[in-house]
Structures are given as C-alpha cells and as structure tokens.
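Here is my note on this model. Please read it with the coordinates open.

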Amino acid sequence: MTTYTLRKGSPAKTRTDLVVIGVAHSPKGDLEACPGAEEVAAAYGRRFKPLLTSMGFRGDAGEVLRLPTAGTIKAGQLLVVGLGPRESLTPERVRRATGVAARNIGNAASVALALPAQDADHVRAVAEGFISGAYSFKRYKSKSDDAGLADVSILSDAARRQDSVAALEAAETVGALVNRARDWVNTPPNDLTPELFADEVVTLGKELTGRGRTPKVAIEVLGADELESLGCGGILGVGQGSANPPRLVRLTWAPEDARASVAFVGKGITYDSGGLTIKPGSSMATMKYDMGGAAAVIAATFAIAELGLPVAVTTYAPMAENMPSGNAMRPGDVLTMYDGQSVEVTNTDAEGRLILADAIAMAAESDVDSIVDAATLTGPCIVALGEKVSGLFGDDATVAAVAAAAEASGEMLWRLPITDEARNAVRTESKVADVLQHNWVRWGSALFAAAFLDEFTGGKPWAHLDIAGPAWNTGGPWGHVPSGATGYGITTLVAYAAALADGPASGSEEPVGSD
Ligand code: BES
Ligand code: MN
Ligand code: ZN
C-alpha cells in the first residue's frame, strides 16, 4: 500500500529516500530547472547544469537520470526527469514525465515529487501520472520483486488549496480504477471468462460499498436465460460456441441531482479466437484484451459514482467468448437482435458489433441524452491510426464532446467518418436479412463496423470509440502507460461525464446560480 500526501515543503530539506525533479530545455537547448526543482538546482549551484550535461542529459521528454546526492540535499538520491520544451509544461507532459519517474524509483521506500504542481490541474497530472505509471501486473509471477513503496509526497505551493486537495483525491480514485481495469484486461482468458468477469465486477461493487452502506452503483448480471427472454440474439449468437456462457452486466449510477444522463456500452469479448472464421495463430495471441472496452466503461462508471458526479450513468457490458465448436455460430446464420432487426452473419470474427448491437439497442430504448460506446472493434482501425490513437465516430455534437474530454485527459483520438457508402452497404447488401454484418471488402472496414453499430442507436446522440489500438501496448512502457493493458478510455469517459455535470442543467427551471 502506498500513501499519497500533498504538502508544501522544500525538496532540498525533505527527509526521504528519493527526490524527483523535472528539467526542461529552452529553444536553444539550454537546460532549465522546472517549477519545483529550483531549490534543488540552487543546492547544487553552478555545478548543476554541467553535471547533467556531462551525463548526456538533454531535458527531452521521456529522459530519466538518477544521481547520488552526496549530502547536497537531504535525500539520498535524486531522480531527474526530462520535461521537453520549457514553454509548454502542460498537464499532459507532466503526467507522462511523472509516469516515467514512477517506473524508475528503484527500491526507494519514500519518494518526494518536486515536479510542476503549481495548480490543481498539475497536481492531478502528477498524481495520475505516478499512480498510473507505477502499475505492473504481477499476479502470475511467483517471485515478487516488489520493493514496497510506502510514501509518496507531492510537494506543491498550492498544497493547502481545496481544489488541489480534491485533485489528489480524484486522481487516487480514478487511478485505482484504471489500474483495476488493467488487471482485468491483463488477466488470462482462462481466468476471466464471461462469468468470472461478471463476478469481478460484483466483487468490486462490494469493495466500494463497504459494510452496511447502500451501494452507489446498482449491478445486474443477466445470464443466458435472461438474454434469451430479452431476445439478445447477438450476444447469444456470439457466445453459443463457447463452453463459457455469455453475460450482460448492467450498472446504474442514478444520483438524485443528475443534470444529464448518458449510457455507456463496452465490448466484453473475454477471448476472440475468431470463431469458425478463425484467426491465424499470431493474431490470436493477445485476444484476451478484446474486453478492454467493457473494462473501460465499467471502471469509468464506478469512478463517476465515487467522484459523486451529478450525471446519471447506465452502463451495458455484454460479455462473451468467441470460440469455434460444434455449436458455434456459422457464416450464413441470421440472428435477430434485441430491437427485432435481423442480421446476416458472414464473418464470425466480426463478433464485436453483434454483441454491441443488442446492448446499444437496449441503451437507445432507455431515456438517455447520449450513448457512448468503447470497443476493440477492428484491426483496420489500428492500420489507419496506429497503436496510440483511437478512432472516433458519431454525430457532430457527441463527437465534439468526447473529443474535448479526451483532450482534457491526454488520450489521443481522431475522428473518422461514417460514409453514405458504408451505410448503404450495411443496409442493402444482405439478400436475406435487414442488415449485413460484414461485406469482405478490405478497405474502410472500421467505417463499415461503425455504420453497422449506428443501425442500432435509434437516432440517439451517439459516439463510438474504436480502441483496438490504444487499449493494448505491445511495445515497452512510455510515459505513464505500461506495457500490455493500458486502461485507455477511462479518463476520457470520466471527463465526458464531468463536462456534462458542469453543463447547463437539462430540463431544470432553476435559473443558474440561484439558491
Ligand atoms: N477483436 C477484433 C479486432 C482487433 C484486432 C482488436 C486486432 C485488437 C487487435 C475484432 O473482433 C475483429 O476480429 N475484427 C476484424 C474486423 C474485420 C472482420 C473487418 C479484424 O480485425 O480482422
Ligand atoms: Mn473478432
Ligand atoms: Zn473481437
């Protein structure tokens, strides 16, 4: 357990194992100590910059250097992280640099962060960056090399301000849930079947409720029989090939003072073998992360409730395992979805859209202002945008709101269109059913998938995040993002809800600002 404290204090005089400071560079390339680092730089005096330069340190983002202090400051070790160009020490840059620091503290038991934390936004970035960057998944390692970091102090001149204190609290709440979602996504698929995933959600709900209190988030777990009576042909069709039956988890956060309402939908394929349209072995290896969308919307919902945001959230997480077998869905099958539309299946590996169709239709039927879904939906979206950027689709207003939320949380996304051509293909190219699931045209498949989903939104304001790329980091860690499961999307969804909470009260006659 690590304890985080926010305090005003001198990094040169603080008794701690290790102090972290940030160093940036000027346009000409000169090193410059960042806010927070001044006292440490002063303690080293004129030696400071030449010392860093002699070690090859240039102040670039991502750089890190550990130095012995030899009594220059109270702490035994100094960790210097690069912050890049001095002009724009944005919260996102600070978040990433703090993430780098978190992975490089070695065996220190206590750490003081003397990084730019001059206001609440930067305090939040430092805390989020550290909590997120310190994550690692050790559940299946028999030997633990956990050094046991006990105390992290965030040094800030704004430490006594209420908004800074609240920022640290929010970062701890959201950070813990991001890390929980990463655990789920990293958990191997034999230990995270639809049933076990749903159990995990229930367990988390109990942990957050505490003894004797009423849960903030109501949790319903629907099994195969209930899905059958509801007519969820998509979830059942995808799940029917597996020995592990599907689930639909529904979460409800309904605060009395709700100023808006939103439905979140997340793809929860606990393993995607492709089904009968089976994937090549190399593409299957990481397909445990095909439930990253469900993990994100679930974690975001709990975070919104823990933060007490006055926005009603209903979250739908359809969970299924996509497997080939004698019972498996076939290319050629026709399924009837929750809203009664029939779908011709032509590729069992395009399973995500089938489970999402039921859940989106269910959300669309409810009385919500908007629907946002997150799904590891298409490999072609990764081809288009790379591993770090998600694809964003939907109507202008919802897309703009989600894009603004992503900007505020430092997650990268890019809008892609849903063309008339894609809509037409979905609507007209099946000879037997209302809607075609997949058309085997290689180009623009992420657009086709989004067009398919839109057939089930009932015209409600809607945005779709194709997170196939950024939900998983195949390479090494960068910034605050670990290797493997990233938790992508959670902070964006929380920021989206926070912006709705700040917006004008919907349907309220109360003039803004009255008591
Ligand atoms: N889960 C995959 C998408 C995916 C691929 C996620 C790679 C992460 C990494 C999805 O179910 C799928 O198989 N999609 C197809 C789309 C195709 C049928 C248009 C794909 O990627 O080939
Ligand atoms: Mn698939
Ligand atoms: Zn999939």
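1. Ground rules. This is a predicted model, in which local features need pLDDT of at least 70, side-chain atom pairs count only at pLDDT 80 or more, and totals for chains, interfaces and linings use all residues. Residues are numbered from 1 along each chain as its sequence is written, chains are lettered from A and ligands numbered from 1 in the order in which they are written, and side-chain values use heavy atoms, with hydrogens and water left out.

2. The manganese site. Asp272 (OD), Asp349 (O), Asp349 (OD) and Glu351 (OE) coordinate the manganese ion (ligand 2) at 2.1 to 2.2 Å. Donors here are N, O and S atoms within 2.8 Å of the metal (3.2 Å for Na, K and Ca); water is not among the atoms, so sites may look incomplete. The sequence spacing of the donor residues is D-x76-D-x1-E. Six donor atoms surround the manganese ion (ligand 2), and their angles of 74 to 171 degrees make the arrangement irregular.

3. Geometry labels. The ideal angles for six octahedral donors are 90 or 180 degrees.

4. Lysine 267 sits in the loop between strand S10 (261-266) and strand S11 (268-272), and glutamate 351 in the loop between strand S14 (342-344) and helix H11 (352-365), so the pair ties together parts 84 residues apart in sequence. Helices (H or I, at least four residues) and strands (E, at least two) are DSSP runs, numbered from the N terminus.

5. The metal pair. What separates the two ions, and which residue coordinates both? The manganese ion (ligand 2) and the zinc ion (ligand 3) are 3.1 Å apart, and aspartate 272 coordinates both.

6. Lysine 267 and glutamate 351 are both buried. Glutamate 351 has a relative accessible area of 0%. Aspartate 349 is partly exposed, at 22%. Buried means under 20% relative accessible area, exposed over 50%, partly exposed in between (1.4 Å probe, protein chains only).

7. A helix pair. Helix H6 (residues 194-209) packs on helix H10 (residues 292-307) at about 10 degrees, with axes 12 Å apart. The two are therefore roughly parallel, a label for angles under 35 degrees. The contact (heavy atoms within 4.5 Å) includes Phe197, Val201 and Leu204 of H6 and Ala294, Ile298 and Phe302 of H10.

8. Helix H15. 10 of the 10 residues of H15 (residues 445-454) are buried, so H15 is largely enclosed by the rest of the structure. Among them are Phe448, Phe452 and Asp454.

9. Proline 318. Strand S12 (residues 312-322) holds proline 318. Proline 318 is buried, at 0%.

10. Histidine 25. Histidine 25 lies in strand S2 (residues 18-25). The residue is buried, at 16%. Its contacts include Asp30, Arg58, Asp60, Arg86 and Glu87.

Notes:
Four donors count as tetrahedral if all angles lie between 85 and 135 degrees; four count as square planar and six as octahedral if opposite donors are over 155 degrees apart and all others between 65 and 115; anything else is irregular. Axes are lines fitted to C-alpha atoms, for helices over the stretch in contact, and angles run from 0 to 180 degrees between N-to-C directions. Angles under 35 degrees count as roughly parallel, over 145 as roughly antiparallel, 65 to 115 as roughly perpendicular and the rest as oblique. Lists of a residue's contacts leave out its neighbours within four places in sequence.
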